[in-house]
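This report describes a single protein structure, shown below.

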Amino acid sequence: LEETVLRDRTEAKAGDIVTSEAGEGLEFHSLRDYKSGDPMSRVEWRKLAKTGELATKNFREERSGRIILIVDSRKQSNVKAGRGHPTAIDLSAYAAERTYSALMKSRHKVGLGILGQDASNYNKSESHLMPYVKPGRGAKTRKKIEEILEKTRNTEKNRGENLEKQLYELLPPNSQVIFFTPLLDDELKDTLKVLNSHGFPSIVVSPDVTYSKDPAS
């Protein structure tokens with residue numbers, strides 16, 4: 001969780017996601033004809049020596065992402081491997097907190113949503129649909145996210161309804177989603193597939209709540 005792998009869904013601001021588009025960055029992308037004013041550091045001198053023609057190097061653009069962390073806190077995910085073990089919800093909230101800390105070392109804007117909780121119980125929520133913090137950066141966003149995650153660990157769970165509708169209304173354009181869930185029901189799996197097909201690429205972080213060291217058990 002210290003190095004979160006992100007999908008290529010970005011906004012037009014410098015950041016840490018390497019895109020397929022040419023521009024400023026570190027990784028070589030292509031060559032183009034030299035234009036007056038191009039920095040000398042980007043001139044491809046080998047091509048000049050070989051052909052006598054000036055060319056400028058393009059690099060893959062690095063942009064910031066708008067990322068929503070979604071913690072599955074529904075009643076059906078409130079399970080654990082055995083007596084004395086943390087629940088999947090506790091593990092998911094912890095993983096979300098660690099991921100958030102890792103993402104804050106970059107230029108990404110990060111938000112948070114909690115499935116299976118009543119937003120009215122959270123005075124820091126920025127939506128009536130579920131406990132939610134809009135993607136942002138800085139101390140205010142961090143404080144809201146930390147308080148909501150802490151409250152999630154100590155709040156009664158419900159089943160959570162209309163997941164697809166809620167997420168469609170909440171997710172901002174050009175955002176990607178990291179779900180923290182044990183994936184124990186088909187509804188959430190189907191929601192993930194639909195979101196991905198409609199332009200909201202998703203990554204799943206799934207805590208292990210099995211009773212054995214063997215995942216098949």
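Lys 144 counts as partly exposed, at 27% relative accessibility; buried means under 20% relative accessible area, exposed over 50%, and partly exposed in between (1.4 Å probe, protein chains only). Lys 144 forms a salt bridge with Glu 126, and the closest N and O atoms are 2.6 Å apart. A salt bridge is defined here as a side-chain nitrogen of Lys or Arg within 4 Å of a carboxyl oxygen of Asp or Glu. The pair links distant parts of the chain, since Glu 126 lies in the loop between β4 and β5 and Lys 144 in helix α3, 18 residues apart. Glu 126 is partly exposed as well, with a relative accessible area of 29%.

The model is predicted: local features need pLDDT of at least 70 and side-chain atom pairs count only at pLDDT 80 or more, while totals for chains, interfaces and linings use all residues. Residues are numbered from 1 along each chain as its sequence is written, and side-chain values use heavy atoms, with hydrogens and water left out.

A further salt bridge joins Arg 142 to Glu 146, with 3.0 Å between the closest N and O atoms. These two residues are four apart in helix α3, and therefore separated by about one helical turn. Both are partly exposed: Glu 146 has 35% relative accessibility, and Arg 142 has a relative accessible area of 30%.

The whole structure contains seven salt bridges. One of them connects Asp 72 and Arg 74, whose closest N and O atoms are 2.8 Å apart. Asp 72 is buried, with a relative accessible area of 1%, and Arg 74 is buried at 0%. A network of salt bridges links Asp 72, Arg 74 and Asp 185.

Five strands form an open sheet of mixed pairing, in the order β5-β4-β3-β6-β7. Helices (H or I, at least four residues) and strands (E, at least two) are DSSP runs numbered from the N terminus, and two strands pair if DSSP finds at least two bridges between them. The edges are β5 (132-136) and β7 (202-205); each has a single partner strand, so one side of each lacks a neighbour in the sheet. From one strand to the next, the twist averages 20°.

Strands β6 (residues 175-180) and β7 pair in the parallel sense over four bridges. Phe 180 has Val 205 of β7 as its bridge partner.

Helix α3 (residues 139-152) lies across β3 (66-72), β4 (109-115) and β5, at about 20° to β4. Contact means heavy atoms within 4.5 Å. Axes are lines fitted to C-alpha atoms, for helices over the stretch in contact, and angles run from 0 to 180 degrees between N-to-C directions.

## Positive phi in two loops

Most residues other than glycine have a negative phi. Asn 174, which is not a glycine, has a positive phi of about 60°. Asn 174 lies in the loop between α4 (163-170) and β6, and is partly exposed at 42% relative accessible area.

Leu 183 also has a positive phi, near 55°. Leu 183 is located in the loop between β6 and α5 (186-197) and is partly exposed, with 24% relative accessibility.
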